[in-house]
Structure formats: structure tokens, C-alpha cells
Protein chains: 2
Amino acid sequence: MSALDNIRVVLCQTTHPGNIGAAARAMKTMGIRHLYLVNPSRFPDAEAVALASGAQDVLDSAVVCANLEQALADCVLAVGLTARSRDLSVPFLTVRDAAPKMIEEAAAHKMAIVFGTEMSGLTNQELGKCQMLARIPSDEEYGSLNLAAAVQVVCYELRIQALAESFVRENQFEFATLAEIEAFYQHLEVTLIQTEFLNPEQPKRLMLRLRRLFSRTRLEKEEVNILRGILSSFDSR
Amino acid sequence: MSALDNIRVVLCQTTHPGNIGAAARAMKTMGIRHLYLVNPSRFPDAEAVALASGAQDVLDSAVVCANLEQALADCVLAVGLTARSRDLSVPFLTVRDAAPKMIEEAAAHKMAIVFGTEMSGLTNQELGKCQMLARIPSDEEYGSLNLAAAVQVVCYELRIQALAESFVRENQFEFATLAEIEAFYQHLEVTLIQTEFLNPEQPKRLMLRLRRLFSRTRLEKEEVNILRGILSSFDSR
């Protein structure tokens, strides 16, 4: 799972060393090992070691930086974790929706997930250095996850996505391109007009409904070929 | 989101009161508030309060039980979190795969997620009281999540699933039953044999491939009706 090797967790201005240790443990349980600390209040520290449990090696190899730019220097993507988008003009997704994009990038390049200080999160200046923002959809009235708990959730999402991607790769099923999928919809529509299931004078929302159905599954190339083969077998009757 | 109101977190034989507090906070951030403590080493305790942060109310309403049966008495489903299945003959799923079933149950009934003691997890006796086992797919070499971190991940999965379900319900699309989906596959197979796309003498894996495609999307009643309408329009030519 090389994608996880390209991911680093960047903790900015962390106040409590215990949170650094707990974050290191959270990362390691999910197979993510690169920890960058921007201007931590106390590090190294015995409290961090105590809470790292068996993840002492993650602490030992942690890189301490004076500012966020240093921590991101060799990354192609930085994703900031934040509760609010703060009107910045970058994509703002849930962590689940952001995970596929992050793993796709991490398959080939170094990328960072950036966490702010415990009390107030990322500053606007720090957010400005991120190309994507992600949020954990927490309770509206009490949304304050502990820092290490947030690291755990994000690293968990990345691991699940990385496992799914490597499963897909192992199965060697190639996804259809959008052009191939569009051609299938065109073929489907023509066939349905021929069989008179679809009246082009009164199409209603039939094609939209069918698009909605197929867009929920992610069609593979071979599946599109099978579906079009079925349509051709109808056409040629 | 009433499903989350029907879910309780059961912590068995917790050694460190700080973990109870951190678990309470993790739960509350995900909108889950019912905490049951089976035979905790120390509770109530100042350390639990300190780590609960704004989730003091979850601690205040926590129910302390002498044994696991008490904690599960009014539940219809108990899901045990464990790293290994230990050859028990109950379903053993990842937390992600288990979440839909859990939320489906919790929509109408009380259900429990059961966590074992910090060092060794659930005992076989405790696991025996669970009707389903779930695991967090953690790193093979270092899979040991902190107790509160595991509670965070599980409650996060349940919240995401509950949000997705309530979104679906708001859209008022009703899912097809398995019987309706099977009838669709039968109809599809008969039609494909008629059009000679499927040779019943050499069926290969065509129907399996098509089942795999449609099982990735969760078909709605109306979608099954549309698909069968399309097949009928072919049949009647």
C-alpha cells in the first residue's frame, strides 16, 4: 500500500504533547507513519511518549518545522481539516468524499493532511496554504473532536480508501471513461425509442432516472461493453 | 436522526477512567449519547471528567452495570468490536460493512456496540453475547487502537450511515426487496436468452457479472420497475 507511504500528517502549533503521542499511535494503527510538527509547544516530551504506546518510532522520526511552508515543501497537495469553509475558494468536502482524491494523489505524489491547534483549529493563513479543505461531519451542537481522535478518523478513511483501491487494482478491473459511459446512455436512449418504451415527444424523466441508477455504481469498461452488447442484441432482432 | 438515539456504547471492564471520559467525548461528537459501563475499575473519577471535555452530560447519565447481560437486557442486537473472529459462528464484518445493518436495526430497536478491556479486548464469554462481530481494518503489524479512538471510529461510521439513511428517507425512495431484485434477474436472464445474447448451453459468467454490477448500486423499487418495463418492451416486439 504505497499510497499511505506518501501521506504525511502535519500538526500545527500543538499545545499538548499528549495529543502528539496519541496522534502518532492513531496514525500507526492505520499504516501512516510520517509525522510533521509545526512549532509544537513541547516536543520531545515524556507525555507524548507515554501516549504513543507502541508508536514511539513515529515520534522518533517526526520532523519538526518552524512553519507550515517547510512541512509542505515537497507535497503536491495539502488538505486542511476544518469545521467551516470560511469562504475560501477551494473545494470543501467531507473526509469521506475527499478520501478518493487524496489516495489518487498519494499513489504518485507526496501529500499532506494538515491539522490546526487544539483550541482554534487552522488559522486563515494556514488554510490559505491548503488546496482542499475537508471536514468530519460531527454533531451540530457538539462538534469538537479531540485532535488525536480527528487524526484517527482521517487516517482511517485514508486507509479504507487505500485498501479499496488496491483491491480494485488487484482485480484489474478498469473503470469506464465518462465518454464511454455517455456513449452507452446514447445507445440506451436510441434503443428505448425503437422499442417504444421511451416516447421522445414525452420523455419525462426516464433517462435522468436511468443515469441516476448507473451513476451510483462506478461502471467498469467491460460492464459497459456487456450492457451495449445487450442493447445490440435487442437492436438486431 | 432517531437511529443514533437507539444506540448505546457498552465499555466492559475499562481500566483507565481517562478512556471512559475520552470515549464519552468521542460519542457525543458523533451524536451518540448512551454510555453503559460494565464493571469499570474506577468510576466516577476526576480523570474521566477531565478527558470528557464538554461531554460531562454523557458521563452523568452513564449506566453502571455489574455484568454485560444487564447492559444488553433491552437490546435486540449487540455488536462486539474485536480484531479476530475467534471461530465464533456469527457474522464478522468490517465496521464499514456492518454499519448499514446496525443503523437499520437502530431505526426501530435498541442496539449496542460492545468494547472490551484495554489490554485484551472482549473475552470469549463476552463475545458469546454478541450477535455480530465487527473489526476496524487496522495495520497488520500494529493494530492496537486506543479504546476511545476505536469508539470514535465506530461512532463515526454509524453517524455517516445514519446521515446517509436519513438523506435517503427524505428523498422518499424506497429500496427494492431482495425478492423483487431476484425477479428482475430472472426476467433479465429469460430476455437475454430470447435475444440470443445469452446462450444457456454456454452461459459463462454473464449473469454473475450483471449481478455484480447491480449489487454495487442499491436498487430502488421504482428502478426495478423501470428496468423490468424496459425488458418487457423488448419481449413484446
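In the predicted model, A:Arg159 and B:Glu140 form a salt bridge through their side chains, with an N to O distance of 3.6 Å. A second salt bridge links A:Glu140 to B:Arg159, and its closest N and O atoms are likewise separated by 3.6 Å. This second pair runs between chains: A:Glu140 lies in the loop between strand S7 (132-135) and H8 of chain A, while B:Arg159 belongs to helix H8 (residues 147-171) of chain B. Across the interface of chain A and chain B, 14 salt bridges are found. Over all chains, the structure contains 34 salt bridges.

Polar contacts were also counted across the interface of chain A and chain B, giving 26 residue pairs with both residues at pLDDT 80 or more. On chain A, the side that touches chain B draws two or more residues from each of helix H2 (17-29), helix H6 (95-106), helix H8 (147-171), helix H9 (178-194), helix H10 (206-216) and helix H11 (221-235). By residue class, this side of chain A comprises 25 nonpolar, 15 polar and 16 charged residues.

The size of an interface is often expressed as the accessible area lost when the parts come together. For chain A and chain B, the area buried between them is about 5100 Å², and carbon and sulfur atoms account for 59% of it. The contact involves 56 residues of chain A and 57 residues of chain B.

The relation between the two copies was then examined. Two copies of a chain are related by a rotation about an axis and a shift along it. Here, chain A is superposed on chain B by a rotation of 180° with a shift of 0.3 Å along the axis, at an RMSD of 1.1 Å. This is the relation of a two-fold axis. Both copies use the same surface, since 100% of the contact residues of chain A recur in chain B.

Within chain B, strand pairing was found around strand S7 (residues 132-135). Strand S4 (residues 77-81) of chain B runs parallel to S7 of chain B and is joined to it by three bridges. In this pairing, B:Leu81 has B:Ala134 in S7(B) as its bridge partner. Strand S5 (residues 92-94) of chain B also pairs with S7(B) in the parallel sense, over three bridges. B:Thr94 is located opposite B:Arg135 of S7(B).

Technical notes. Residues numbered from 1 in each chain as written. Chains lettered and ligands numbered in written order. Predicted model: local features only at pLDDT ≥ 70, side-chain atom pairs only at ≥ 80, totals over all residues. Heavy atoms only, no water. Contact = heavy atoms within 4.5 Å. Buried area = accessible area lost by both parts, 1.4 Å probe. Salt bridge = Lys/Arg side-chain N within 4 Å of Asp/Glu carboxyl O. Polar contact = N/O pair within 3.5 Å; in protein donor to acceptor, adjacent residues only side chain to side chain. Helix = DSSP H or I, 4+ residues; strand = E, 2+ residues; numbered from the N terminus. Nonpolar A, V, L, I, M, F, W, Y, C, P; charged D, E, K, R; others polar. Least-squares fit on C-alpha atoms with pLDDT ≥ 70 in both. Pairing = 2+ DSSP bridges.
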